[in-house]
2 protein chains.
Amino acid sequence: MEKGRSSASFDPKDLGTIIYGSKQEMEQAIAAFERVENILGDDNFKLPATYGDLNRQQMLLEGLRAGKATFQDGLKHNHSIFDYTTHLFSLGNANPCGLTAFLFTPFLKLVGTDEQVAHWLPLAESGQIIGSYSQTEMAHGTHVGGIETTATFDRETDEFVIHSPTPTSAKYWPGGIGYSASHTILMARLIIDGNDYGVHPFMVQLRSLEDFKPMPGIEMGDIGHVLKMSYNDTDNGYAIFNYVRIPRTDLLSRHASVSQLGAYTSVPLRDKLVYGGMLNGRSVIVRAAAFQLAQALTIATRYSVVREQGHSLDLDDSGETSIMAYKHQHYRLLTMISQAYAILFAWKAGNLAHADLRIRQTNGDHSTLPYIHALMCSLKAWSTQTAADGAEEARKMCGGHGYLAMSGLPEIVASITATCTFEGENWVMWGQVGRYLLKGMDATTLPVDMAYIDQYCPADEEQCRAKGKDFLDLTVLVEIFKHRAARLIHEAHAKVSSEVGKGMSRAKAQNKFGLELTVAARAHIEVYILEACIQQLALPEETASHEIQQVLRRMISLFGLTVIASPIAPYTATFIGDGYFTYSQIFDMTSLIDDLLMELLPDAVALTDAFCFTDGSLRSVIGCKDGDIYRRLMAWTKQLPINVEARKNGGRFKEGWELYTEAFLKENKGFAGIPVRAKL
Amino acid sequence: MEKGRSSASFDPKDLGTIIYGSKQEMEQAIAAFERVENILGDDNFKLPATYGDLNRQQMLLEGLRAGKATFQDGLKHNHSIFDYTTHLFSLGNANPCGLTAFLFTPFLKLVGTDEQVAHWLPLAESGQIIGSYSQTEMAHGTHVGGIETTATFDRETDEFVIHSPTPTSAKYWPGGIGYSASHTILMARLIIDGNDYGVHPFMVQLRSLEDFKPMPGIEMGDIGHVLKMSYNDTDNGYAIFNYVRIPRTDLLSRHASVSQLGAYTSVPLRDKLVYGGMLNGRSVIVRAAAFQLAQALTIATRYSVVREQGHSLDLDDSGETSIMAYKHQHYRLLTMISQAYAILFAWKAGNLAHADLRIRQTNGDHSTLPYIHALMCSLKAWSTQTAADGAEEARKMCGGHGYLAMSGLPEIVASITATCTFEGENWVMWGQVGRYLLKGMDATTLPVDMAYIDQYCPADEEQCRAKGKDFLDLTVLVEIFKHRAARLIHEAHAKVSSEVGKGMSRAKAQNKFGLELTVAARAHIEVYILEACIQQLALPEETASHEIQQVLRRMISLFGLTVIASPIAPYTATFIGDGYFTYSQIFDMTSLIDDLLMELLPDAVALTDAFCFTDGSLRSVIGCKDGDIYRRLMAWTKQLPINVEARKNGGRFKEGWELYTEAFLKENKGFAGIPVRAKL
């Protein structure tokens with residue numbers, strides 16, 4: 001392990017300052033993690049409680065314990081790192097207290113009036129109430145317009161009556177609503193005098209703050225183990241409302257309000273603005289995808305350095321070969337490490353663009369909303385899919401040991417893969433981006449982010465002219481990415497337009513070419529991602545030393561080249577389908593990839609160390625920083641409660657013997673005359 | 001649901017006879033599943049115990065209960081279906097009694113002498129002992145040669161002394177050795193007079209049959225939740241041996257024996273033959289991959305028919321659109337259904353080839369062993385990866401509900417993904433096949449399975465001549481598959497040879513081009529798989545009616561065409577890299593895929609019904625045959641123990657409140673003066 005670490009060309013903390021935003025933010029984050037791990041009693045030779053014999057209720061207790069510790073640490077030390085992550089770096093909504101900052105307060109700020117925000121925000125931020133966000137119903141997820149829960153105005157009492165009118169309208173999935181949240185922002189159809197004004201947000205208290213019993217008319221519960229793997233520290237739940245009354249003033253009224261007389265008023269674009277909170281959620285998810293992918297890769301990299309297997313490379317060293325030496329292992333690891341960085345850098349760029357939108361919006365300028373919406377949809381879909389696939393690949397790269405819950409990998413995989421379907425299912429996201437691209441193509445002028453498309457005419461049959469080391473020039477890669485995206489977008493647009501021209505409805509034509517649009521949308525965001533990576537090279541010398549610049553440049557080259565020319569990457573066909581490349585150009589790129597791999601291999605450990613500074617945040621028996629895998633593996637194994645218990649019962653699983661095994665053997669006439677050992 | 005089912009062009013049971021082998025086998029399997037589900041008390045409106053609050057020990061008890069029920073059913077009704085599967089259709093080794101038939105008896109037959117087999121086999125088959133197979137050690141998996149456990153001959157007592165000489169030599173992972181197995185076949189290094197004769201198999205009794213306590217000198221235990229998701233019904237375990245004595249005659253001696261005087265004799269090829277048991281394991285895994293992928297797709301198909309979301313297709317129906325109507329949904333579902341069938345058909349062909357080898361081997365002819373070994377490696381790697389990716393995709397296609405443990409999907413995904421790394425890690429498998437291909441290319445005559453490669457010269461720049469409906473001709477697809485495979489194999493071979501020519505060692509050159517060899521090996525086995533599918537069309541009319549023939553032909557076309565031309569499939573670049581296709585040919589194929597999708601869509605439910613006849617085998621709240629998703633979802637949810645318990649405590653999670661939440665709110669000065677509702 002030490003060898004793998006000391007070979008690095010740079011200090012991981014120097015890269016960490018870029019990853020975490022600044023030296024100060026990095027140090028603050030590390031200190032917060034260390035404090036919380038300390039409170040939780042983490043000790044990397046002690047089996048973490050969650051790998052023991054916990055049942056559902058005990059797991060939730062662990063979540064409450066950790067949630068309380070992280071929330072209170074943020075309050076006490078005045079930082080917000082745990083607003084978006086848990087102490088394990090999974091998303092903040094993975095613990096029962098994290099929903100407050102992850103969804104409740106951002107959404108409140110978006111949809112509450114100044115007075116409503118002034119009332120609720122301090123209560124939430126100081127932990128006097130525990131927030132949640134209730135949108136999804138049993139039969140209604142992505143299509144928010146389908147929500148069935150009603151909030152009917154009662155003029156006589158000046159109240160809304162919240163009701164779940166059908167079995168399928170039960171709220172189902174919202175984090176924390178099982179047993180942990182005291183309040184929720186509830187999405188329900190606003191009904192006045194029998195007229196349906198669409199889905200609106202309401203503040204609803206779920207539980208008494210005196211004894212935490214449900215408020216009258218609300219039935220809530222947990223929805224059980226989720227994947228049995230992840231998100232079990234919180235209580236995704238269900239809620240059924242039976243004519244529950246809330247004051248009229250608890251309609252969150254920034255964009256729409258109802259007067260005492262029942263008059264409804266709303267601002268233009270209300271139906272779009274109300275979902276603006278999702279932009280924030282998606283941005284947080286992208287950053288988390290980078291970190292969680294990096295976590296999985298940290299474990300796999302450390303394991304690959306320590307694990308030895310076979311002699312098949314006939315290296316000079318005595319002993320077996322570190323599996324890191326195998327091409328298929330380090331090729332995949334380094335490629336995926338470059339992807340984790342690419343996601344992070346793309347998040348940085350996207351986050352700035354999103355911040356710009358928020359500033360414009362306070363001045364009433366919503367013009368960039370469609371662009372930011374499409375950007376966040378694509379970044380969310382691309383990042384979560386890349387991270388989920390990568391984390392699962394990293395898990396497999398640790399062989400059997402990656403399959404152990406104790407490796408930490410199954411939980412990371414399960415946690416990332418959840419983000420592929422929540423806060424906007426990825427295929428639906430691509431569909432929305434596809435429609436954005438079609439709309440852009442139909443506009444008289446292309447939107448700014450699509451302007452490059454004009455540089456490529458649809459019938460373009462030009463050949464890429466670069467060769468050899470030209471492909472290390474990142475502007476050459478951008479050119480290749482743009483060429484491909486422009487071609488795919490032109491083609492998809494032409495196909496849809498042709499069907500519409502023949503009389504097919506636009507919706508049906510878009511559905512018919514849904515896969516082509518998805519592939520085009522992916523290509524489009526990959527241009528953005530590559531350019532966002534390149535922006536990082538413009539960091540000043542005091543932030544990024546020569547060594548850091550060098551390793552970043554190599555990683556970005558590796559990222560770009562493997563997207564185009566990796567024999568195992570998906571979608572590479574889209575680069576070569578039109579004969580843009582010759583075979584010899586692909587060979588040139590392959591050879592550069594090989595060079596980059598050799599240059600980056602000594603930095604592999606440091607590249608992942610730079611994301612993960614504390615052992616507790618990984619909770620992995622095979623991923624601790626010291627590389628002391630096998631000793632820890634046996635130590636944790638022996639501490640498993642089933643083994644502790646068996647040692648008290650003569651080394652047997654007593655109940656199993658008494659309830660089943662003894663009867664099994666007896667039924668089959670075991671015992672009688674079976675020699676303990678066959679003497680033949 | 002009824003609509004989705006009644007639209008089928010055939011009766012699922014007619015297809016089931018092909019899937020299960022014959023009408024009789026299908027009916028026997030269905031009856032066995034129904035009996036066992038009945039014994040276990042399955043009821044599709046009752047929450048299965050495993051989704052409740054079980055801790056590790058309770059999960060293992062459930063496994064013992066189910067294992068006993070399945071084993072005894074096989075004994076009583078004289079069938080072997082549960083030898084290879086559990087009552088959930090996961091692999092037999094997923095329950096504590098299943099290891100006996102899955103690994104113990106096949107291996108015993110392979111390596112035991114006739115006398116040894118005569119002694120142990122009846123004991124195992126009648127359930128008088130419970131078998132397991134102990135090969136993997138903490139630090140030694142794929143590379144069997146690295147095993148450290150020793151079996152040292154003691155001439156004085158005529159015994160072997162089994163010992164774990166180092167911490168890393170603990171057996172770690174073997175199924176059932178934690179607490180369930182009474183006996184194991186143990187792989188250990190045979191040492192005589194200080195000489196190491198390599199790894200040999202020994203019969204070792206692990207536990208007393210009187211009280212199931214460990215035999216003297218053996219320490220065993222469980223390795224905890226595995227993925228927390230799957231294989232938790234059995235006890236993958238560890239075992240440490242401290243100078244444990246077994247009689248000399250318990251060396252399983254078909255291929256090597258030691259005389260009383262310590263003289264060692266062995267047959268030629270012993271070191272290869274001893275691993276022949278793995279061929280059987282891999283074959284079983286391939287079949288299981290087909291069934292488990294089909295299970296995941298059955299759930300996703302049923303869900304997609306029932307689930308409605310959005311109005312975006314402006315169909316004429318009132319209400320929302322069934323998500324099955326979305327192109328990205330049915331495209332992926334049907335493509336993956338075709339893959340499940342392709343895996344099954346490839347298994348059938350591979351199984352026959354393997355049976356042929358076994359017959360030859362009884363006559364001392366091992367000549368086809370290298371071919372069968374390469375075939376099983378590739379089928380195992382291709383099938384498990386395809387099934388694992390497909391099952392995870394199917395899980396995502398059910399959105400949030402697919403993330404619920406109760407959906408059954410997480411367990412199926414976790415169960416399949418395990419097979420990507422066990423019984424031969426897939427990348428290692430591809431490496432072995434790659435070496436087989438290189439060896440074949442270097443031979444004076446190509447091996448029979450590679451003979452087609454000669455038809456394509458390396459510099460071949462010929463163009464595919466097919467167009468339009470030509471691509472429905474399956475021989476055209478075979479031609480395309482062969483062209484690609486031949487080219488990739490030629491290229492990889494040329495690259496390796498060139499480096500070797502320049503002085504690089506063969507091992508290093510193979511490692512350098514490890515990815516290229518993997519891609520070539522994949523292409524080679526895809527030729528086999530496509531041809532195996534086509535063989536199924538030769539079934540006689542009485543086995544396969546016209547309707548069945550038609551649906552099979554469509555599925556095989558869809559399989560072949562999507563491997564080549566799907567915009568979202570991996571590896572498609574390898575078909576077009578050399579300019580073999582023009583763009584217009586890809587368009588022709590895309591259009592045929594669209595036609596096939598429309599033809600197959602009404603059959604989607606029936607195509608999956610044909611694999612899964614009983615609800616209990618899926619254990620899925622959203623995948624039951626009746627499609628009654630939402631009612632069952634709420635019914636199971638309310639039965640979760642945490643909710644049952646909360647109802648007794650005023651609707652709260654009492655311990656959470658008392659231990660954490662109350663203190664949390666109080667610390668943050670909650671209660672005092674917070675209005676239950678904001679009146680603004």
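**Two-fold arrangement, interface and selected residues of a predicted two-chain model**

The structure is a predicted model, in which local features need pLDDT of at least 70, side-chain atom pairs count only at pLDDT 80 or more, and totals for chains, interfaces and linings use all residues; side-chain values use heavy atoms, with hydrogens and water left out. Residues are numbered from 1 along each chain as its sequence is written, and chains are lettered from A and ligands numbered from 1 in the order in which they are written.

Contact (heavy atoms within 4.5 Å) involves 167 residues of chain A and 168 residues of chain B. The copies meet through the same surface, because 100% of the interface residues of chain A are also interface residues in chain B.

The size of an interface is often given as the accessible area lost when the parts come together. Here chains A and B bury about 14700 Å² between them, with 62% of that area on carbon and sulfur atoms; the value is the accessible area (1.4 Å probe) that the two parts lose on being put together, summed over both. Between the chains, 42 residue pairs are in polar contact, both residues being at pLDDT 80 or more. A polar contact is a pair of N or O atoms within 3.5 Å; within protein, one must be able to donate a hydrogen and the other to accept it, and residues adjacent in sequence count only if both atoms are side-chain atoms. Across the interface there are 6 salt bridges, a salt bridge being a side-chain nitrogen of Lys or Arg within 4 Å of a carboxyl oxygen of Asp or Glu. B:Lys68 and A:Glu667 form a salt bridge across the two chains, with their closest N and O atoms 3.0 Å apart.

Helix α21 of chain B (residues 629-639) has buried residues at B:Ile629, B:Tyr630, B:Arg632, B:Leu633, B:Met634, B:Trp636 and B:Thr637. Buried denotes under 20% relative accessible area, exposed over 50%, and partly exposed in between (1.4 Å probe, protein chains only). Helices (H or I, at least four residues) and strands (E, at least two) are DSSP runs numbered from the N terminus. The cover over these buried residues includes β4 (171-172), β7 (218-222) and β8 (237-241) of chain A, together with α9 (277-306) and α22 (641-648) of chain B.

Over all chains, the whole structure holds 68 salt bridges. A:Lys482 and A:Glu531 are joined by a salt bridge with an N to O distance of 3.4 Å. A:Lys482 belongs to helix α14 (residues 474-501) and A:Glu531 to helix α16 (residues 514-535) of chain A, so the pair ties together parts that are 49 residues apart in sequence. A:Lys482 is buried at 16% relative accessible area, whereas A:Glu531 is partly exposed at 31%. In chain B, the closest N and O atoms of the salt bridge between B:Asp154 and B:Arg245 are 3.0 Å apart. B:Asp154 is in strand β2 and B:Arg245 in strand β9 (residues 244-247), so this pair ties together parts that are 91 residues apart in sequence.

The UniProt annotation "active site", from an unreviewed entry, covers A:Glu423; such annotations may be inferred rather than shown by experiment, feature names are shortened, and positions are given in the numbering used here. A:Glu423 sits in the loop between α12 (409-419) and α13 (426-442) of chain A and is buried, at 18% relative accessible area. Apart from neighbours within four places in sequence, its contacts are A:Leu103, A:Met278, A:Arg282, A:Ile285, A:Lys380 and A:Met429.

A:Leu269 has a positive phi of about 65 degrees although it is not a glycine, and it lies in the loop between β11 (264-266) and α8 of chain A. A:Arg270 is in helix α8 (residues 270-273) and counts as buried at 10% relative accessibility. The side chain of A:Arg270 reaches the backbone oxygen of A:Val199 at 3.1 Å.
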